[in-house]
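Thanks for asking me to look this one over. Here are my notes, point by point, to read with the model open beside you.

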Amino acid sequence: MFDKESKTVRTFKRSAVRSPIIAAGNTLMKCGNEDYGYRHIKKGHQNDWANLAAITGSNWRDFSDWAINQCLTYPGSVVNNGKSNVYEFKAPIQIRDRRTNRVVSTKYCKVPISRSSKQIITAFPTSK
């Protein structure tokens, strides 16, 4: 809560992407503020992640970390959004019922990262 915006919360490995061309490397999640990073995700998307995590028997933070990792490691698509100066990673994530281990839903994880610093701006689940 009192850490500097620049403190790294977690480092994710990012796979190389052909189009747009993005080298493999590390993607950092910084503490950030209301506009980017962990604090932004917690303030704006914690409930979205918590709703899905509850189905799986997890907590919002562990589930969102897993989904972000999946998205950056196995992106279904990456869009170069020049207007926002980000690469938008997107990947499907399967939501499995914790009791039966059956897939009850497929959602998508979106993770926009800065084109210049490769830091996570935000991460959120979506239906499309």
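1. Before anything else, please keep in mind that this is a predicted model. Residue numbers below count from 1 along the chain as its sequence is written.

2. Let's begin with the sheet. It is open and has four strands, in the order β3-β4-β5-β6, with antiparallel pairing. At its edges are β3 and β6, each of which pairs on one side only. On average, neighbouring strands of this sheet are turned by 30° against each other, direction ignored.

3. For a landmark, find E88, which stands opposite P112 in β5.

4. On to the aromatic residues, where the structure holds three pairs. How do the rings of Y38 and W60 pair? Their centres are 6.1 Å apart and their planes meet at 25°, so this pair counts as stacked, the cut-off for stacking being under 30 degrees. Y38 belongs to helix α1 (residues 37–56) and W60 to helix α2 (residues 60–73), so the pair ties together parts that are 22 residues apart in sequence. W60 has a relative accessible area of 13%, so this residue is buried.

5. Another ring to check is that of Y108, because the charged end of K90 sits over it, 4.9 Å from the ring centre.

6. Salt bridges come next, and the structure holds five of them. One of them joins R10 and D65, with the closest N and O atoms 3.3 Å apart. This pair links distant parts of the chain, since R10 is in strand β1 and D65 in helix α2, 55 residues apart. Are the two partners buried or exposed? R10 is partly exposed, at a relative accessible area of 29%, whereas D65 counts as buried at 11%. R61 comes in here too: R10, R61 and D65 are linked in a network of salt bridges.

7. Two further salt bridges deserve a glance. K7 forms one with D3, where the closest N and O atoms are 3.1 Å apart. K7 counts as partly exposed at 41% relative accessibility, and D3 counts as partly exposed at 38%. K43 forms the other with E34, with 3.3 Å between the closest N and O atoms; both K43 and E34 are exposed.

8. As background, most residues other than glycine have a negative phi, and most peptide bonds are trans. In this model, a cis peptide bond joins S19 and P20, with omega at about -5°. P20 lies in the loop between β1 (8–14) and β2 (25–30).

9. With a relative accessible area of 37%, N85 is partly exposed. K118 has a positive phi of about 65°, and its place is in the loop between β5 (103–114) and β6 (124–126).

10. Finally, a word on S77, which lies in strand β3. At 31% relative accessibility, S77 counts as partly exposed. Which residues does S77 touch, not counting those up to four places away in sequence? The contacts are with E88, F89 and K90. As for T106, its C-alpha atom is separated from that of S77 by 16 Å, and the two residues are 29 apart along the chain.

Methods: Predicted model: local features only at pLDDT ≥ 70, side-chain atom pairs only at ≥ 80, totals over all residues. Heavy atoms only, no water. Phe/Tyr/Trp six-rings, centres within 6.5 Å; stacked < 30°, edge-to-face > 60°. Helix = DSSP H or I, 4+ residues; strand = E, 2+ residues; numbered from the N terminus. Buried < 20%, exposed > 50% of the residue type's maximum accessible area, 1.4 Å probe, protein only. Lys NZ or Arg CZ within 6 Å of the ring centre and 35° of its normal. Pairing = 2+ DSSP bridges. Axes fitted to C-alpha atoms, helices over the stretch in contact; angles between N-to-C directions. Salt bridge = Lys/Arg side-chain N within 4 Å of Asp/Glu carboxyl O. Contact = heavy atoms within 4.5 Å.
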